[in-house]
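Reader: I'm new to this one, could you walk me through it?
Author: Gladly; ask whatever comes to mind once you have it in view.

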Amino acid sequence: MSLIKGASTIGGASVISQLIGAFTILLMSYRFGMSDVGNYALTFSIVMIGIQITLYGSHLLLPKVDQQDIGKAVVFCLLQSWGISAIYIYIVSYFFSLQFFSIYVLTASYSMMIISEYVFLRNQNFSQLAIQRISVTSVVFIALLVSWKVEYFYYIWAIVHLCLIGYWLYKCLDFSMFSKSDFLPTTQIQFFIKHWNHLSRVGTAEVVANASLQLPTVLINYWFSPLVAGYFAVVNRFCLSPVLILGQSVRNYTFSKWSEDFRNKVFNYAEFKQVRLFLITIALITVAGIYFVYPWLTQHVLGEQWIQSVETSRLMLPYVFAMLAFVPLTVIELIFGTPNYFLRIQCEQLVIVAFAFLIMPLIYKSYTVSLLAFTMLTAARYLMIYISINKHALVLRDEGIV
């Protein structure tokens, strides 16, 4: 079964990566404390927001463009990775006390990592993508392991990660697909104009979507404390990140497969139903696992300082279910839908984040109330989107696209 094989290859590597990431968080909490876990989560969130602003959805063109344009697309993405990253980090440094060099290199190199991933997806080379993901997570753990001070950790992480991604780009790119004209400013400007509709709509949607995902960590750090953000980061790593990674694995597979279908002007409705059933099943299993297993894990394995994160894990359950059962299916709108619709649904989520973590703390400063508002509103919104997606799939089927 191609769905299980493709998604499980990426998903299996993601599980290993998640285990390595969990050990990284565990080691950081014991060596430096939960507050530094919160600061690490803040840094990572800033980098993750940065790569979406930097690439602005251009990486999503890599699996879709014709073969003669792939060289132009890669060059365009690489120019964004280093140019826009510098502007972004310069602006962010006014609001947060950051190590400019390390955060800049991390933002640029993680942008390059996304380029590499989507080239692998275009080629449907899932095994190489899986190995890359494991190696990227391993770098973070190794950097922490050899760092005798937390300040040095970020420098080591940035430099080694950049070298690693340079290697993976060398592995994934076929240099014969490039021509000298791809590097000309006029060529890049023409490419930008040609894909302006995608960049302005889908690119904005991707930035908004990632901001909605990462801003809660940033705002919790601001409103409450790095310690509370540390607990939120712990739940993200041990409960939410596996969900996001598993959902992203399915999303990556369907994006690669359905992009090919889009190029061939077909839509496989039977496979859509298969993906839908698979996601709901694993979402139910995951929610039950978090509810029953995570409290036991914190009490008997992780230690006393982790027990306070159990309440956060329970409050996050509606959000966890929605992110796994509903969100990966939104890729159908990205490929077969209109860019404006995809942008709208992401803006709606950003409004929820702003309400829960900006407006609510101003009215009543309670971490529990803000988090509960965030999870319940998100779950309700994605349920409505899920209903809309199923209607769209039926339309595609009834139009004769099988």
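This is a predicted model: local features need pLDDT of at least 70, side-chain atom pairs count only at pLDDT 80 or more; totals for chains, interfaces and linings use all residues.

Reader: OK. How many helices and strands does the protein have?
Author: The secondary structure of the protein comes to 16 helices and 0 strands.

Reader: And how much of the protein is buried?
Author: Of the 402 residues in the protein, 57% are buried. As for contacts with a separation of 6 or more, 82% of them are accounted for by residues 24 or more positions apart.

Reader: Which residues have the most contacts inside the largest nonpolar core?
Author: They are Leu62, Tyr110, Phe153 and Trp157, in a core that has 123 residues.

Reader: Let me pick Tyr110 then. What is Tyr110 in contact with?
Author: Leaving aside neighbours within four places in sequence, Tyr110 is in contact with Phe44, Val47, Met48 and Ile51, and also with Val136, Val140, Trp157 and His161. Trp157, in that list, is itself among the residues with the most contacts inside the core.

Reader: Now the helix pairs. At what angle do H2 and H3 pack?
Author: Helix H2, residues 34-55, and helix H3, residues 70-92, pack at an angle of about 130°, and their axes are 8 Å apart. The two helices are therefore oblique to each other, and their crossing is right-handed.

Reader: Which residues meet there?
Author: From H2 there are Ile46, Ile49, Gly50, Ile53, Thr54 and Leu55, and they meet Cys77, Gln80, Ser81, Ile84, Ser85, Tyr88 and Val92 in H3. By type, the residues of this contact divide into 8 nonpolar, 5 polar and no charged.

Reader: H2 also packs with H8, so how are those two axes arranged?
Author: H2 and helix H8, which covers residues 196-223, pack at an angle of about 160°, with 9 Å between their axes. That makes H2 roughly antiparallel to H8, and H2 passes H8 in a left-handed crossing.

Reader: Which H2 residues meet H8?
Author: On the H2 side they are Gly38, Asn39, Ala41, Leu42, Ser45, Met48, Ile49, Gln52 and Ile53, and among their partners in H8 are Glu206, Asn210, Gln214 and Val218. The residues of the contact of H2 with H8 divide into 9 nonpolar, 8 polar and 1 charged. Ile49 and Ile53 meet H8 here, and both are also in the set that meets H3.

Reader: What about H5 and H6, how do they cross?
Author: The axes of H5 and helix H6, residues 150-172, come within 8 Å and cross at roughly 160°. That makes H5 roughly antiparallel to H6, and the crossing is right-handed. The contact includes Ser135, Val136 and Val140 of H5, and Phe153, Trp157, Leu164 and Trp168 of H6. Its residues divide into 14 nonpolar, 4 polar and 1 charged.

Reader: Switching topic: where is Ser116, and what does Ser116 touch?
Author: Ser116 lies in helix H4, residues 100-122, and at 0% relative accessibility it counts as buried. Not counting residues up to four places away in sequence, Ser116 touches Gln132, Trp168, Leu169 and Cys172.

Reader: Last one: what is Ala22 in contact with?
Author: Ala22 is in contact with Arg237 and Phe238, leaving aside neighbours within four places in sequence. Ala22 is found in helix H1, residues 2-31, and is buried, with a relative accessible area of 10%. The C-alpha atoms of Ala22 and Phe141 are separated by 9.4 Å, although the two are 119 residues apart along the chain.

Note on methods
Residues are numbered from 1 along each chain as its sequence is written. Side-chain values use heavy atoms; hydrogens and water are left out. A nonpolar core is a set of buried Ala, Val, Leu, Ile, Met, Phe, Trp, Tyr and Cys residues joined through side-chain atoms within 4.5 Å. Buried means under 20% relative accessible area, exposed over 50%, partly exposed in between (1.4 Å probe, protein chains only). Contact means heavy atoms within 4.5 Å. Axes are lines fitted to C-alpha atoms, for helices over the stretch in contact, and angles run from 0 to 180 degrees between N-to-C directions. Helices (H or I, at least four residues) and strands (E, at least two) are DSSP runs, numbered from the N terminus. Angles under 35 degrees count as roughly parallel, over 145 as roughly antiparallel, 65 to 115 as roughly perpendicular and the rest as oblique. A crossing is left-handed if the near helix is turned anticlockwise from the far one by less than a right angle, and right-handed if clockwise. Ala, Val, Leu, Ile, Met, Phe, Trp, Tyr, Cys and Pro count as nonpolar, Asp, Glu, Lys and Arg as charged, and the others, Gly among them, as polar.
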